[in-house]
Each structure stands twice: as C-alpha cells, then as structure tokens.
Amino acid sequence: MPNSSRRPETPTAGLLQTFAASLCALLLGLAAILLATDGGHAFTTEALRRGQVARAPQPLPDFSLRDRTDQPVMLGQLLAGDGRVQIVDFVYTRCQTVCSALGSVYQRLQQQLLARGLQDKVGLLTISFDPVNDDAAALQAYAARLRMDPAAWQVVTLANVADRRRLLDAFGIMIVPAPLGEFEHNAALHIIDPAGRLVRIVDYAAIDQVLDIALATPR
C-alpha cells in the first residue's frame, strides 16, 4: 500500500475550487465586456465611436477637394480656415434616400442659422464621396436644388477617388456599392471645432441638439 502524507481532497474543497474558478472566469468576462462597451455605455460600434470622440476630440487628416466652381480647396482650410464651428455630412447627389433626408436637415439648419444671424459662428459643409459622378456641374445643380446659401452652406467633392476610403474612415462613414452605381451608407452629423478637430457625432435627425452643441463648442 503506498505511503503518502497528502490528505485526500474533501467534497467541500472541490466545490470551493470550482466556485473560485467560475468566479474568476465571470470577472474576466465582465472586464472584457466593460472594456468593449466603454464601461457599459456603448453596445454598438457606432455608439462606442461617438463616446470616444466626445471624450477626446480627434484631429482629422487633410484631403484635396474641389468646390462647386471646380476650384481646388483643402479640407483643413474649410474646417479651420475661418474660425467657425463646422457641421459636416456626407452624401452623393444622385441619392434619393438618406441623402435626401440629410438635405432636408441641412435646409432647416441653414434656415435657422440665417434667421438667427449665426452663419458667422457655425457653417454647414456637405462632402460628396462620389467624385466620379459629382463633378462641378452636379454640385451646382445640387446646390440650386437645395437652395444653398454660400454664406452658411458649402458643398465640395473629393479631388481624388483614391482618397475616399481614408476620408470616410476618418469620420466613421461606411458605404457599400449598390446596383446601378449607387451606394448604401450610414449617416450622421459631424461637429468640427475651429481647430479642425472632430468633437462630436450626432444623429442627423437631432437638429436642435446639433445646433446647440455647435454653438457651445469652444472657439
């Protein structure tokens, strides 16, 4: 018979070990969930990104653009060139769905800015991510259709289609090519402070909220 000084494990000791292992796994799982959801506040990638931007304004890379008169202009110049806070959205002018809704939102924002004399404090910038089709003529037609006032609202397009992915990634916009050369894409309103940093991302339907946030953004 083997001689051993080790005492046999009791049922109670086994249960305690199992409980300790389960508790450890639970705590590790909770830690992973809290880390992935920004402390339990964000349960989607978009919500997580919005929370991160609100806490830590993000500098934006610069891009070559063209305005509706086909003149070259840099994104950084538009965002940080005149001391205004900018509200930025992304469209393509042939879009009849979410871009039409964004256009209506911007018309109402433009109306409020002009009626309250706020166009020197807050500007509206629409960027087309479809430079292949949205040339100067298309941007002119889009501006006329939406009755843009250049004092409050500008529209531009990318100068180089190769920059599209990097530009959209910088703002968190996702696009998926659709039939007939169209795109499926998400939408939001992006608030840029006078230093050219992305400081907030707001639902495009929250018109009153986005204007209040823009006016409260430090200059």
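How many salt bridges does a search of the whole structure find? Seven, where a salt bridge is a side-chain nitrogen of Lys or Arg within 4 Å of a carboxyl oxygen of Asp or Glu. I'll come back to some of them, but first a word on what we are looking at.

This is a predicted model, so to speak of local features we need a pLDDT of at least 70, and side-chain atom pairs count only at pLDDT 80 or more, while totals for chains, interfaces and linings use all residues. Residues are numbered from 1 along each chain as its sequence is written, and side-chain values use heavy atoms, with hydrogens and water left out.

Let's start with the sheet. Eight strands form an open sheet with mixed pairing, in the order β1-β10-β9-β4-β5-β6-β2-β3. The edges belong to β1 (58-59) and β3 (72-74); each has a single partner strand, so one side of each is left without a neighbour in the sheet. A quick reminder: strands of a sheet pair through backbone hydrogen bonds, either parallel or antiparallel. As for the terms, helices (H or I, at least four residues) and strands (E, at least two) are DSSP runs, numbered from the N terminus. Two strands pair if DSSP finds at least two bridges between them.

Now please find strand β9, residues 189-192. Are its two faces covered or open? Both are covered: Leu-189 and Ile-191 on one side, and His-190 and Ile-192 on the other, are all buried. Buried here means under 20% relative accessible area, exposed means over 50%, and partly exposed is in between (1.4 Å probe, protein chains only).

On one flank, β9 pairs with strand β4 (residues 85-91) in the antiparallel sense, over three bridges. Gln-86 stands opposite Ile-192 there, and Val-88 has His-190 as its bridge partner. With strand β10 (residues 197-202), β9 also runs antiparallel, joined by four bridges. His-190 turns up again here, standing opposite Ile-201. β9 and β10 make a hairpin with four residues between them, and Gly-196 in the turn has a positive phi of about 85°.

Which helices go with this part of the sheet? Helix α2 (residues 45-55) lies across β1 and β10, running at about 135° to β10. Helix α7 (residues 207-216) packs on the sheet too, touching β4, β5 (122-128), β9 and β10, and its direction makes about 155° with that of β10. Those angles run from 0 to 180 degrees between N-to-C directions, with axes as lines fitted to C-alpha atoms, for helices over the stretch in contact. Contact means heavy atoms within 4.5 Å.

From helix α4 (residues 98-115), I'd like to show you Leu-102. Leu-102 counts as buried because its relative accessibility is 0%. Leaving aside neighbours within four places in sequence, its contacts include Phe-90, Val-91, Leu-189 and Tyr-204. Ala-187 is another contact; the two C-alpha atoms are 8.0 Å apart, although 85 residues separate them in sequence.

Asp-134 is buried yet has no salt bridge, and the nearest side chain of opposite charge, Arg-94, is 5.4 Å away. For charge, Lys and Arg count as positive and Asp and Glu as negative; His and the chain ends are not counted. What does the Asp-134 side chain make polar contacts with? It reaches the side chain of Thr-93 at 2.5 Å, and that of Ser-128 at 2.5 Å. A polar contact is a pair of N or O atoms within 3.5 Å; within protein, one must be able to donate a hydrogen and the other to accept it, and residues adjacent in sequence count only if both atoms are side-chain atoms.

Asp-130 counts as buried because its relative accessibility is 2%. Outside four places in sequence, Asp-130 touches Tyr-92, Arg-94, Thr-157, Arg-164 and Phe-183.

Back to the salt bridges, as promised. Arg-50 forms one with Glu-46, closest N and O atoms 2.8 Å apart. These two are four residues apart in helix α2, so about one helical turn separates them. Arg-50 also forms a salt bridge with Asp-203, at 2.6 Å. Arg-50 lies in helix α2 and Asp-203 in the loop between β10 and α7, so the pair ties together parts that are 153 residues apart in sequence.

Another salt bridge joins Arg-66 and Asp-70, at 2.9 Å. Through shared partners, Glu-46, Arg-50 and Asp-203 are joined into one network. Thanks, everyone!
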